[in-house]
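Biologist: I am new to this structure. Can we go through its helix packing and its charged pairs?
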Amino acid sequence: MADVTWPGEELVAAAQRGDTASISALVARSNPHVQRFARTLCPSPQDAEDAAQEALIVLYRRIGTLRASAALASWMFRIVRNECVRRMRREPQVREVPDGLAASAEEDVLRRLDAERVAAAIGALPADQRRVLIMRDVQGRSGRTVARALGASVPAMKSRLHRARATVRRELEGTVDGRR
């Protein structure tokens, strides 16, 4: 089974100090997580691949600007989200849909807007809720693993996850009903 943990704080701290080997290891060990974020947030596999690559370049170049070594996952999620949103704001392009028919520009725009709203709703969550939602729903970690990583009981983790999901759901329903 693949390693589902983010690189440790020691590796992040060494990378922040400019250690080249640590920076390379950090980028390599962050890659699967960044790819997973991008596939979840971007409207197409091509955009996801490009967004992930851009995010890893930012990580490589700007790791020294990360304030807290424990905040790597949140920082990378924001970078990927911003890159996916930036790509969605480009002029809509017609993309192939699975059945081989060309999607309309309108369908493409709607799909991109949906992904942008989901990313914005997740990004607006309080840090503890965003972290549990990302770990459980985006990364696909088990409830026990998430609870252990958060230093919380399984019921406490479930409560945070429920609040996070409910907040995202309300935000998404509000954007549809309120036409934000």
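Modeller: Start with a crossing. Helix α3 passes helix α4 in a right-handed crossing. Keep in mind that this is a predicted model.

Biologist: At what angle do α3 and α4 pack, and how far apart are their axes?

Modeller: The angle is about 135°, and the axes lie 9 Å apart.

Biologist: Which residues make the contact?

Modeller: From α3, they include D47, A51, L56 and R62. From α4, W75, I79 and E83 are among them. The residues of this contact divide into 11 nonpolar, no polar and six charged.

Biologist: Now the charges. How many salt bridges are there?

Modeller: Side chains of opposite charge can pair when their charged atoms come close. Here the count is two salt bridges. In one, R86 meets E83 at 2.4 Å, N to O. Both sit in helix α4 (residues 72-89), three residues apart, so about one helical turn separates them.

Biologist: Is E83 buried or exposed?

Modeller: Buried means under 20% relative accessible area. E83 has 11%, so E83 is buried. R86, at 43%, is partly exposed.

Biologist: What about the salt bridge of R165 and D137?

Modeller: Their side chains meet at 2.7 Å, N to O. This pair links distant parts of the chain, 28 residues apart. R165 belongs to helix α8 (residues 154-177) and D137 to helix α6 (residues 127-138). R165 is partly exposed at 35% relative accessibility. D137 is partly exposed too, at 38%.

Note on methods: Residues are numbered from 1 along each chain as its sequence is written. This is a predicted model: local features need pLDDT of at least 70, side-chain atom pairs count only at pLDDT 80 or more; totals for chains, interfaces and linings use all residues. Side-chain values use heavy atoms; hydrogens and water are left out. A salt bridge is a side-chain nitrogen of Lys or Arg within 4 Å of a carboxyl oxygen of Asp or Glu. Helices (H or I, at least four residues) and strands (E, at least two) are DSSP runs, numbered from the N terminus. Buried means under 20% relative accessible area, exposed over 50%, partly exposed in between (1.4 Å probe, protein chains only). Axes are lines fitted to C-alpha atoms, for helices over the stretch in contact, and angles run from 0 to 180 degrees between N-to-C directions. A crossing is left-handed if the near helix is turned anticlockwise from the far one by less than a right angle, and right-handed if clockwise. Contact means heavy atoms within 4.5 Å. Ala, Val, Leu, Ile, Met, Phe, Trp, Tyr, Cys and Pro count as nonpolar, Asp, Glu, Lys and Arg as charged, and the others, Gly among them, as polar.
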